[in-house]
Amino acid sequence: GGGGGGGGGGGKEGEEEEEEQAQEEEKQGEEEEEEEERNDSASMGPGLLEAMEESDAEDEVKVQPLRVGRVGLSAPKVEVDSDDEGADKEDQNAEVFDSKKLVKRVKKNLKKKEQAEVDQQEQDAVEGLWRTNPQSVDDFERLLLTNGNSSAVWIKYMAHHLKLSELDKARAVAERAVSHISFREDQERFNAWIAYLNLEVAFGDKVDEVFKRACQFNDAKKIYLQMPQIWERNSMPERAAKAHATCVERYSQSRSAWIGKLVFEYNRGTFSDARQTLASAMSMLPKPKHAEVVTKAAQLEYSHGSPERGRTIFEELVTSNPKRLDFWSIYLDMEVKQHTPPTATEVKAAPVRILFERCTTLSLKPSKMKFFFKKWLGFEMKWGDEESQTEVKQKARDFVEKVAS
């Protein structure tokens with residue numbers, strides 16, 4: 001029995017030793033594992049540990065790989081949490097809003113500047129318009145401060161009131177004009193008086209009164225010669241005829257008076273009266289003044305009366321005055337006009353060339369002959385042909401050779 005107890009006691013002690021040995025081995029294994037973890041941590045280094053610790057944080061940052069776009073590399077996207085993203089968007093929106101406000105402000109300032117320039121240009125134009133195109137009483141009064149001796153300004157001022165049917169105001173302006181313009185400005189003052197007379201003939205009833213005053217303050221002859229034309233311009237032929245008769249009676253020695261009457265009668269178509277007037281002029285005028293009146297009558301016959309009669313008058317003139325270049329020149333001009341369009345339906349060069357032939361065979365100075373050849377060549381260049389031009393040039397050479405020999 002002792003042996004069995006001893007054996008049982010020995011077995012129990014063996015079990016306890018085995019359990020203690022197992023615990024020590026387990027403890028030793030745990031220590032080895034801890035030592036191994038410490039060695040592994042030491043070998044990884046602090047930077048990686050920190051990165052691993054940060055990867056466990058709630059605000060973890062995930063780095064996306066770079067993406068290659070169609071054109072170039074796209075920037076990597078950084079994802080943040082919703083609060084940070086909202087703040088960034090608000091900042092971006094604020095920046096965009098500020099940029100838009102800045103652009104809008106610049107555009108507004110630029111538009112204001114452009115409008116100011118336009119307004120200034122318009123103002124300058126309006127301020128300068130009164131000088132070139134006055135439209136009101138103030139404009140005219142302002143203009144007269146610096147142009148008081150200009151009859152043109154006074155006449156426009158009169159017309160301004162007449163357009164508004166303000167006859168009395170137009171008269172007042174006319175009175176101011178004839179009294180204001182300096183006596184040293186004879187022509188300007190004369191123009192103002194003529195405008196005053198036109199005003200009364202067309203709209204008023206004081207023609208005789210103004211006419212008498214105009215004769216007192218101007219050369220009476222000039223006023224008398226203007227009156228028929230004033231009546232004509234206002235379509236009063238009977239009054240014009242009387243005024244012409246008065247002129248030639250009062251100034252019977254004046255070529256201008258007789259020519260004025262001739263022109264009026266030819267234009268009116270009273271050819272018999274016109275021819276009688278020519279005869280009266282020849283009897284009243286001094287002989288030296290005959291040629292100018294006769295030449296005018298011949299021109300009027302070509303243009304209004306009988307071209308044949310006009311040709312006859314010129315023939316008499318050049319026959320009696322063969323060296324008067326002016327008579328020949330006018331005669332040639334009238335013949336050219338008579339035989340070319342639009343007076344003639346087609347060019348009839350033969351009569352004109354005959355007259356040029358006569359001119360170039362005259363015994364005149366080379367300078368005068370040069371005038372005829374040049375005029376003839378001009379006619380051929382416009383109405384002739386190459387052959388006729390060559391012929392005229394050859395005649396001119398022959399003349400030069402003849403003079404040289």
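Which backbone nitrogen does a side-chain oxygen of Ser254 reach at the start of H11? That of Ser256, to within 3.4 Å.

Some ground rules. This is a predicted model, where local features need pLDDT of at least 70, side-chain atom pairs count only at pLDDT 80 or more, and totals for chains, interfaces and linings use all residues. Residues are numbered from 1 along each chain as its sequence is written, and side-chain values use heavy atoms, with hydrogens and water left out. Helices are DSSP runs of H or I, at least four residues, numbered from the N terminus.

Stay with H11, residues 255-268. The expected span is 1.5 Å times one less than the number of residues. For these 14 residues that should be 20 Å, and the end C-alpha atoms are 20 Å apart, so the two agree. Gly269 follows H11, with a positive phi near 90°.

Now burial. Buried means under 20% relative accessible area, exposed over 50%, partly exposed in between, with a 1.4 Å probe and protein chains only. Buried residues in H11 include Trp258, Leu262 and Phe264. Among the elements covering the buried residues are helices H9 (220-233) and H12 (271-284); contact is heavy atoms within 4.5 Å.

Last, Ser179, in helix H6. Ser179 is exposed, at 57% relative accessible area.

Conventions: Helices (H or I, at least four residues) and strands (E, at least two) are DSSP runs, numbered from the N terminus. A polar contact is a pair of N or O atoms within 3.5 Å; within protein, one must be able to donate a hydrogen and the other to accept it, and residues adjacent in sequence count only if both atoms are side-chain atoms.
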